[in-house]
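I opened the notebook to record what I looked up in this structure, entry by entry. I wanted to begin with a few loop positions and then turn to helix packing.

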Amino acid sequence: MLIDLHAHSTESDGTDTPAELVATAVAAGLDAVAITDHDTTAGWAEAERAVRELGRPGTFRLVPGAELSCSSPDGRGGRVTVHLLAYLFNPSSPALVREQSRLRAERRERLHQMAHQMASDGFPIDPEAIMAGLPPDSPGGRPHLARALVAAGTVASVDEAFAKYLSSSGSYYLPRTDTPVHRAIDMIAEAGGATVLAHPFAHKRGPVVNAEVVAELADHGLAGVEIDHPDHDEPTRAKLRELSAELDLIPTGSSDYHGTNKTIRIGQETTAPDSLERIIARCTGSKVIS
């Protein structure tokens with residue numbers, strides 16, 4: 001059984017629509033996929049319709065979710081950004097709706113400011129066209145700006161755009177205000193969902209938390225940890241497997257699929273069936289769609 005619990009659609013920074021994401025997962029032979037767009041659940045309804053229209057009851061499952069950007073202690077006296085994968089929560093939970101609305105508004109404004117600054121410096125992009133091309137409930141983000149740079153011929157790929165201009169050390173990067181990680185875990189739990197710490201030791205992405213922070217988050221209610229991820233090498237995976245067993249955290253694996261924004265294929269990393277069942281057993285906010 002092939003299960004991928006981390007994938008993005010055009011409702012955040014992927015290039016597949018929610019329906020196309022379902023179709024891509026089915027074509028790849030997956031038995032289950034999670035839609036985990038950044039700070040939005042806007043793609044859930046379309047993805048659910050696509051699953052219902054498959055005409056093969058019980059043979060494919062969609063796990064509704066989201067990816068939350070959070071601020072966390074790093075265990076060394078500082079703070080870093082971490083990502084939480086939230087599954088099967090109630091999307092109408094008032095506290096969650098308020099926080100996701102705030103995050104989307106801030107991210108859209110941040111994207112507009114970055115695009116405007118680059119246009120002012122002579123880059124052949126149109127900030128208003130970039131914003132007009134976003135779905136209404138999309139948070140917007142640097143990948144949208146990166147794709148505009150690719151379309152303009154400024155760079156050859158999204159990766160090159162990030163490496164040259166849009167990384168956290170780049171001259172056009174603007175900071176954002178993320179949700180405190182403990183608050184995010186609490187909000188998802190109150191909404192009947194479960195949280196998994198995404199790619200926690202992916203050093204190539206920048207500074208990460210240490211094992212002590214993961215243990216503290218587990219004590220606070222974190223349900224699982226993403227181990228098999230394209231940005232984790234084998235020694236890192238082995239360390240995380242040992243840590244997840246020690247802390248009784250649910251181990252997961254996922255591709256972090258973004259369509260053509262990345263070279264990662266859907267289902268490149270997968271989750272064991274018993275891990276998905278453990279996540280489902282913890283959740284009361286929403287249901288798996290099959």
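In which loop is D248 found? I located D248 in the loop between helix 9 (residues 234-247) and strand 8 (250-253), and I note here that I am working from a predicted model. I looked up the backbone of D248 and found a positive phi of about 55°, although the residue is not a glycine. D248 counts as exposed because its relative accessible area is 59%, and the cut-off for that class is over 50%.

Next I turned to D39, which I found in the loop between strand 2 (32-35) and helix 2 (44-52). I read a phi near 55° for D39, a positive value in a residue other than glycine.

I then looked at G14, in the loop between strand 1 (3-7) and helix 1 (18-27). G14 is buried, with a relative accessible area of 1%. Leaving aside residues up to four places away in sequence, I listed H8, S9, R147, H258 and N261 as the residues that G14 touches. I also checked G14 against I35, which is 21 residues apart from it along the chain, and found their C-alpha atoms separated by 11 Å.

My last entries concern helix 3 (residues 94-120). I counted 27 residues in helix 3 and a reach of 39 Å from its first C-alpha to its last, close to the 39 Å expected at 1.5 Å a residue. Its buried residues include L96, E99, Q100, L103 and R104, as well as R107 and R110. I found the buried residues of helix 3 packing against strand 3 (61-73), helix 4 (127-132), helix 5 (142-151), helix 6 (158-166), strand 5 (179-180) and helix 7. Just after helix 3, I noted that G122 takes a positive phi of about 100°.

How do helix 3 and helix 7 cross, and at roughly what angle? I found that the axes of helix 3 and helix 7 (residues 181-190) come within 8 Å and cross at roughly 135°, which means that helix 3 is oblique to helix 7. I recorded the crossing of helix 3 past helix 7 as left-handed. On the helix 3 side the contact is made by A95, L96 and E99, and on the helix 7 side by R183, M187 and I188.

How values were computed. Residues numbered from 1 in each chain as written. Predicted model: local features only at pLDDT ≥ 70, side-chain atom pairs only at ≥ 80, totals over all residues. Heavy atoms only, no water. Axes fitted to C-alpha atoms, helices over the stretch in contact; angles between N-to-C directions. Helix = DSSP H or I, 4+ residues; strand = E, 2+ residues; numbered from the N terminus. Parallel < 35°, antiparallel > 145°, perpendicular 65-115°, else oblique. Left-handed = near helix turned anticlockwise from the far one by under 90°. Contact = heavy atoms within 4.5 Å. Expected span 1.5 Å × (residues − 1). Buried < 20%, exposed > 50% of the residue type's maximum accessible area, 1.4 Å probe, protein only.
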